[in-house]
Amino acid sequence: MREWIEKQKYIIDFTLSSLLRRKAKNIGLLALYTLIVFILASVMFFTHAIKKEASLILDQSPEMIVQKLVAGRQDLVPLRFVETVRGIRGVQAVRGRLWGYYFDPRFGANYTLLVPPPTAQTGAAGNGSRRVMVEGEPDRNAEGSAGPLFDLGADEIGVGSVVIGSGVARVREAGTGELMLFRAYDGEILPFRIKKILPSSSQLVSSDLILIDEADFKRLFGIADGLVTDLAVTVRNPTELSTIASKITRRLPDARPIIRDEILRTYDSIFNWRGGMMIVILSSAVLAFVIFAWDKASGLSAGERREIGILKAIGWESSDIILMKFWDGAVVSLTAFLSGVILAYGHVFFTDSVVFEPALKGWSTLYPRFKLIPFVSAEQVTTLFFLTVVPYSVATIVPAWRAATIDPDSAMRYTGE
Amino acid sequence: MIELVNVRKVFNAGRPAEFTALSGVNLSIESNKVTVLIGPSGSGKTTLLSIIGCMSRPTAGRVQLAGREITSLPERFLTDIRRKTFGFIFQQHNLIKGITALENVMLPAYPLGERHVPLKQRAMKLMEDLHLSDKAESKVEWLSGGEAQRVGIVRALINNPSTIIADEPTAHLDTQLSHRFLGIVKRFKEERKTVLITTHDPLVYDDPVIDRIIRLRDGRLEVERR
Ligand SMILES: Nc1ncnc2c1ncn2[C@@H]1O[C@H](COP(=O)(O)OP(=O)(O)OP(=O)(O)O)[C@@H](O)[C@H]1O
Ligand SMILES: [Mg+2]
């Protein structure tokens with residue numbers, strides 16, 4: 001056992017000095033390898049973090065949303081819908097929500113304006129609205145299942161004030177206490193005082209958000225009393241969702257129920273589309289990598305072959321040569337893997353994916369600089385490991401084995417330098 | 001005692017380039033003696049050495065080492081015999097570049113997993129014997145031809161082999177260095193090692209340290225002279 005350890009030590013030692021002897025070649029190799037791991041890891045961390053954020057948004061959204069369609073166009077929902085829907089068996093609660101997009105031409109940005117529900121959540125079904133969950137930083141564990149840190153109630157905002165997301169604050173360079181001007185539906189300019197800026201832990205969720213009082217919202221958009229944007233419906237038994245949806249359409253032909261799972265699917269396809277783009281990058285990187293590994297591996301230089309011949313002639317076994325090649329590969333792979341992953345982590349979560357910026361430009365004016373929550377799972381790292389270290393090792397095994405079977409007497413037949 | 005019975009070596013058997021390098025060699029090499037193999041170029045000397053040194057296998061025939069048949073042993077055993085029994089001195093010194101003379105000398109011992117301290121002490125002692133102490137930490141590419149060859153000799157001795165095999169050891173040496181090499185061979189003999197040398201060099205095969213000369217021609221032994 002002790003001999004075995006000594007032997008490994010000697011062979012690792014020799015491998016390291018061999019790597020150093022071919023410094024130029026190996027540094028180039030390492031740099032390329034690290035770069036590929038870096039790209040793969042960045043793509044992976046980025047897409048996963050985005051999907052994570054998306055699922056956070058959706059976890060908060062209601063099981064079913066009911067919109068009203070007028071001639072196929074979405075319209076405001078009259079409050080009588082609430083009573084009708086609530087009358088359907090299996091429906092637990094119905095809330096009207098008030099929210100809408102607001103385009104700010106000065107900054108070219110889109111905001112999501114939203115009236116938070118009153119803190120007394122149970123009542124006020126008539127003019128309740130979407131609840132805002134703001135993700136809290138501290139409790140985020142590996143599963144990422146942290147609940148909302150606090151709910152912002154409508155009464156906390158107050159007439160004449162707004163609470164804005166950090167993206168909004170950044171774009172407008174606005175701070176707490178300052179005034180923000182909005183152009184109402186009738187052209188009047190309405191000033192609102194910024195009461196608070198939402199914490200920026202989960203920017204994708206809250207970046208473009210502006211929380212506003214119900215009366216202000218209605219004034220701004222010219223919405224008459226008795227109308228809401230849409231309805232959020234909760235049911236007793238989620239398996240009945242589609243039955244309830246069809247009952248709703250039967251009773252209210254103008255209504256369009258949307259089930260969360262359908263939204264989820266839409267979201268998924270959006271992110272998968274992004275993921276799909278990423279897959280293209282990913283697979284081409286893997287391909288490039290395999291080619292490079294194969295090339296590196298199959299091309300044992302004459303000098304290396306000669307050295308292996310000498311080692312065999314002076315008493316190294318084939319298995320010793322394979323061991324040496326194994327350590328060689330292990331040192332190169334692990335170094336490249338670790339540095340690539342660490343660089344990618346910093347890139348995605350600390351420099352906001354600068355390298356990908358051009359590709360992300362279309363995301364939203366508010367988002368080019370958004371910070372993702374550091375989220376890396378063991379599964380990702382393992383996948384990455386199998387995508388990089390394993391192909392490299394496999395590609396080096398064949399030549400290592402071939403090298404190991406070089407005849408020892410080749411050392412005796414070598415002619416000239 | 002090394003015995004060869006009817007050893008044949010055919011390269012590229014069954015192909016147009018088929019070549020019989022050794023055809024039926026019967027030979028026994030005594031222990032503790034210095035034996036020289038001579039013969040024209042291409043007569044099969046190197047081939048014979050590599051078979052004796054367990055570096056390659058004969059196509060037919062048997063090789064016995066101290067009464068033990070070794071031709072049919074699996075590679076692992078052959079390697080084991082090779083590194084414990086034989087020390088090789090090559091015509092081109094075959095040192096590994098980029099590492100020091102000392103590391104080169106210790107290389108054959110690495111797979112044996114010996115402790116570092118005694119190994120290094122032994123290596124230094126052997127280097128000292130051949131006046132190489134001050135070159136131990138030099139990179140091998142800085143060494144002179146004679147120094148490089150002596151490093152090669154020390155490397156051949158590191159696992160304390162009972163048999164030294166040298167293929168054309170003086171081919172790259174001038175007269176003075178060749179004499180020095182023969183001095184080292186004399187010491188091997190005094191240490192009761194078996195030495196096997198191939199050479200074209202009269203300076204070597206006419207030296208009194210040589211016990212026996214074997215002549216090879218076209219892969220066969222010729223009648224012995226001494
Ligand atoms: N691997 C091989 N494949 C084919 N032919 C070979 C191979 N190795 C040796 N030979 C041939 O076998 C013959 C004997 O070679 P060997 O090297 O044993 O000669 P030698 O007596 O050592 O010659 P020299 O004195 O020039 O070193 C040569 O003709 C050589 O071309
Ligand atoms: Mg020869």
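Author: What follows begins at the interface and then turns to strands and salt bridges elsewhere. Please keep in mind throughout that this is a predicted model.

The size of an interface is often given as the accessible area lost when the parts come together. For chain B and chain A this buried area is about 2,900 Å², with 57% of it on carbon and sulfur atoms.

Side chains of opposite charge can pair when their charged atoms come close. Across the interface of chain B and chain A there are three salt bridges, and in one salt bridge the side chain of Arg83(B) meets that of Asp320(A), at 3.6 Å from N to O. The interface also holds 10 residue pairs in polar contact, both residues being at pLDDT 80 or more.

Let us now turn to the strands of chain B. Four strands form an open sheet in the order 2-1-4-5, with antiparallel pairing. Because strand 2 (19-29) and strand 5 (68-69) of chain B stand at the edges and have a single partner strand each, one side of each is left without a neighbour in the sheet. Further in, strand 1 (residues 2-11) and strand 4 (residues 60-65) of chain B pair in the antiparallel sense over five bridges, and Arg8(B) has Ala60(B), in strand 4 of chain B, as its bridge partner.

Strand 8 (residues 194-198) of chain B also deserves attention: five of its five residues are buried, so this strand is largely enclosed by the rest of the structure. Both of its faces are covered, with Thr194(B), Leu196(B) and Thr198(B) buried on one side and Val195(B) and Ile197(B) buried on the other. Strand 3 (residues 34-38) of chain B pairs with strand 8 of chain B in the parallel sense over four bridges, and within strand 8 of chain B it is Ile197(B) that stands opposite Val36(B). Strand 7 (residues 163-167) of chain B also runs parallel to strand 8 of chain B, joined to it by five bridges, and here Asp167(B) stands opposite Thr198(B).

Finally, a search of the whole structure finds 23 salt bridges over all chains. In one of them Arg97(A) pairs with Asp230(A), the closest N and O atoms being 2.9 Å apart; this pair links distant parts of the chain, from strand 4 (residues 91-97) to strand 14 (residues 230-235) of chain A, 133 residues apart. Both Arg97(A) and Asp230(A) are buried. In chain B, the side chains of Glu30(B) and Lys33(B) meet in a salt bridge at 3.4 Å, N to O, where Glu30(B) counts as partly exposed at 41% relative accessibility and Lys33(B) is partly exposed, with a relative accessible area of 31%. To return to the two chains together, salt bridges that share partners join Lys7(A), Glu317(A), Asp320(A), Asp80(B), Arg83(B) and Lys84(B) into one network.

Note on methods:
Residues are numbered from 1 along each chain as its sequence is written. Chains are lettered from A and ligands numbered from 1 in the order in which they are written. This is a predicted model: local features need pLDDT of at least 70, side-chain atom pairs count only at pLDDT 80 or more; totals for chains, interfaces and linings use all residues. Side-chain values use heavy atoms; hydrogens and water are left out. Buried area is the accessible area (1.4 Å probe) that two parts lose on being put together, summed over both. A salt bridge is a side-chain nitrogen of Lys or Arg within 4 Å of a carboxyl oxygen of Asp or Glu. A polar contact is a pair of N or O atoms within 3.5 Å; within protein, one must be able to donate a hydrogen and the other to accept it, and residues adjacent in sequence count only if both atoms are side-chain atoms. Two strands pair if DSSP finds at least two bridges between them. Helices (H or I, at least four residues) and strands (E, at least two) are DSSP runs, numbered from the N terminus. Buried means under 20% relative accessible area, exposed over 50%, partly exposed in between (1.4 Å probe, protein chains only).
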